[in-house]
Amino acid sequence: MSHQPVVFAEELTKEFGDTTAVDSITFGIERGEVFGILGPNGAGKSTTMRMISTVSPVTSGTLRILEMDPQAHGPDIRARMGIIPQDNLLDQHLNVRENLTTYARYFGMSRSRARERAAELLDFVQLRERADSEVQPLSGGMKRRLAIARALVNDPELVILDEPTTGLDPQARHLLWERLFQLKQRGTTLILATHYMDEAEQLCDRLIIMDHGRIVGAGSPRTLISSLVPPEVVELRFDAPSLNDYAGKLTEIGDRVEQLPDRILVFGDNGDAVVAEIYRRGLPPSSVLVRRSTLEDVFLLKTGRRLVD
Ligand code: ADP
């Protein structure tokens, strides 16, 4: 088996007129991993995904997918790839099963093989009972699962998901995560763009964090957190019109203090010790929460902003 990365990007750049949507990013994606592209709206995630999906040409830099050049080998790459776009793009005129069988026929499967494949995939995404249903009445989570089933028709090595759980309720998100985890266990390489840090932490082996078209952090969720932020965070709220006075007084207590509009975060090795020190100094907060650092904190400390406003 080849040891080349499934996707290799070097100084990959995409410009739209004066806008540099993706600004010279370099990364590699290994076979079998779940690779995340995390960042706020406008960071350049979709543009990166569209270049990997071979539907948007590269402005400059190198991009290799399954060891091929997307410009020259788009159809060969797409035959081995499954793409789940943000808006699902299901065929409303066909029922659930037909959305899969029709797609399977594009890949040259016989009618009976297409039906068989559709049945397997409907089982996989837990939509067997809805096989004869129209698409329109399905819930958001079901539509997403159907789009995933359709992307799997050709048994792709590489599956690309753009914001897979945006707009879904928590239960639907968890069901989807569980299916994606199953796919990973079967050895499929997954690339997902998301602005949800919990999704990235749950699913991704490795990820890049993008902002303004550039990579601001890269690695596994754990290493990103442990290498870039102190392990614990204390979230403090105060009954005061202005947090400025407090923030100034807290700077010596933790390793790092961040003031948000409604609360102050103090980062440190030991959150409880930070809290004890705050009380010792006579600065009792109106509420206090001690928690472990997350990818959201990595983004905040790297950019001074939250991922989701
Ligand atoms: P994300 O997916 O992280 O929200 P996008 O890749 O959609 O970010 O967008 C990155 C930047 O590129 C944004 O400033 C966006 O307005 C711009 N952009 C994306 N697609 C186009 C396009 N087709 N034409 C012009 N500008 C675009």
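Which helix gives the largest share of the shell around the ligand? Helix 1, spanning residues 45-52, does, with three residues; helices here are DSSP runs of H or I with at least four residues, strands are runs of E with at least two, and both are numbered from the N terminus. Before going further, please keep in mind that this is a predicted model, where local features need pLDDT of at least 70, side-chain atom pairs count only at pLDDT 80 or more, and totals for chains, interfaces and linings use all residues. Residues are numbered from 1 along each chain as its sequence is written, and side-chain values use heavy atoms, with hydrogens and water left out.

Now look at the ligand's surroundings. The residues around the ligand are F16, A21, P40, N41, G42, A43, G44, K45, S46 and T47, where a residue counts if one of its heavy atoms lies within 4 Å of the molecule. Several polar contacts (pairs of N or O atoms within 3.5 Å) can be picked out. T47 places a polar side-chain atom 2.5 Å from a ligand oxygen. For S46, a polar backbone atom is 2.8 Å from an oxygen atom of the ligand, and for G44 a backbone N or O atom lies 3.0 Å from one. Taken alone, the ligand exposes 560 Å², and the protein buries 57% of that; accessible areas come from the Shrake-Rupley method with a 1.4 Å probe, and for residues only the protein chains shown count as cover.

Next, find S60 in strand 4, which covers residues 60-65. Is S60 buried, exposed or partly exposed? S60 is partly exposed because its relative accessible area is 34%, and that class lies between buried (under 20%) and exposed (over 50%), using a 1.4 Å probe and protein chains only. Leaving aside residues up to four places away in sequence, S60 touches E11, L12 and T13, a contact being heavy atoms within 4.5 Å. By C-alpha positions, S60 and A276 are 53 Å apart in space and 216 residues apart in sequence.

Finally, zoom out. The chain holds 11 helices and 13 strands, and its C-alpha atoms fill a box of roughly 75 × 45 × 40 Å along the principal axes. Of its 309 residues, 50% count as buried. Among contacts with a separation of 6 or more, 68% join residues 24 or more positions apart. The accessible surface comes to about 14,800 Å², and 46% of it belongs to carbon and sulfur atoms.

Terms used: Polar contact = N/O pair within 3.5 Å; in protein donor to acceptor, adjacent residues only side chain to side chain.
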